[in-house]
Amino acid sequence: MTLVELIGRADERTLAASAVACLDRCLPLLEYVEGAERIGLDTDEALRPLWVAVEGGDAWLGRLRRVAAVVERVAGAAPGELAGFAIRMAAAVPAAYDRPALRAWAEDCSAAVLEVHLRLDGVEPGGHEARVKAYRDGDTDGISPLTAGELRRQCQLLDMLSEDSGGGLNHALQLSNEGKRVLRAAASRRARGSA
């Protein structure tokens, strides 16, 4: 199945968890924003409680919005192009825990993370949105290595999250943490290259 098809068949819990996973993987981008450390956001632990218990509902969503509000505060520190994607995802947290709203958020988060990887992979600016749409629809011709890894992880995550057992969530968390390490390393290389 394509990424679009996997998101299309996902239930509320899977959509919520996959979107949180995308946001979580992008939090290390905030580490490169000057002054962001004063906001007091732990980019490794901020979303862990929400990962451990994706019980859903308005109470869970309220906890997510509180973390998202802290992420959005970084916007005042002139975040730059990449950190702006994390802030965009945080700002789009839905107001209601229902499938249409969660699906829209999951779709946006999925596309945003893929575009981040495209940029970190050094793909020339212009046409990023069209490339991301093609990749999500299954056309991976010419996809860059870093972006291919993220696309594969997103598909695997959705498969794992759709499983009924708690083991699916645990494996998804491990996979997302792997993606977070990859993204952090790529962002670090980019920062050193531009220093």
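The chain carries 24 positive and 29 negative side chains, and the centres of the two sets lie 3 Å apart; Lys and Arg count as positive and Asp and Glu as negative, while His and the chain ends are not counted, and each charge is placed at NZ of Lys, CZ of Arg, CG of Asp or CD of Glu. The model is predicted, so that local features need pLDDT of at least 70 and side-chain atom pairs count only at pLDDT 80 or more, whereas totals for chains, interfaces and linings use all residues. Residues are numbered from 1 along each chain as its sequence is written, and side-chain values use heavy atoms, with hydrogens and water left out.

The chain holds 9 helices and 0 strands, taken as DSSP runs (helices H or I, at least four residues; strands E, at least two) and numbered from the N terminus.

| Property of the chain | Value |
|---|---|
| Box of the C-alpha atoms along the principal axes | roughly 45 × 40 × 25 Å |

Of the 195 residues, 49% count as buried, meaning under 20% relative accessible area with a 1.4 Å probe and protein chains only. The largest nonpolar core has 66 residues, among which Trp51, Trp60 and Leu64 touch the most other members; such a core is a set of buried Ala, Val, Leu, Ile, Met, Phe, Trp, Tyr and Cys residues joined through side-chain atoms within 4.5 Å. Helix 6 (residues 99-120) supplies the largest share of this core, 10 residues. Beyond its neighbours within four places in sequence, Leu64 is in contact (heavy atoms within 4.5 Å) with Val20, Leu47, Leu50, Val93 and Trp105.

Notes
Buried means under 20% relative accessible area, exposed over 50%, partly exposed in between (1.4 Å probe, protein chains only).
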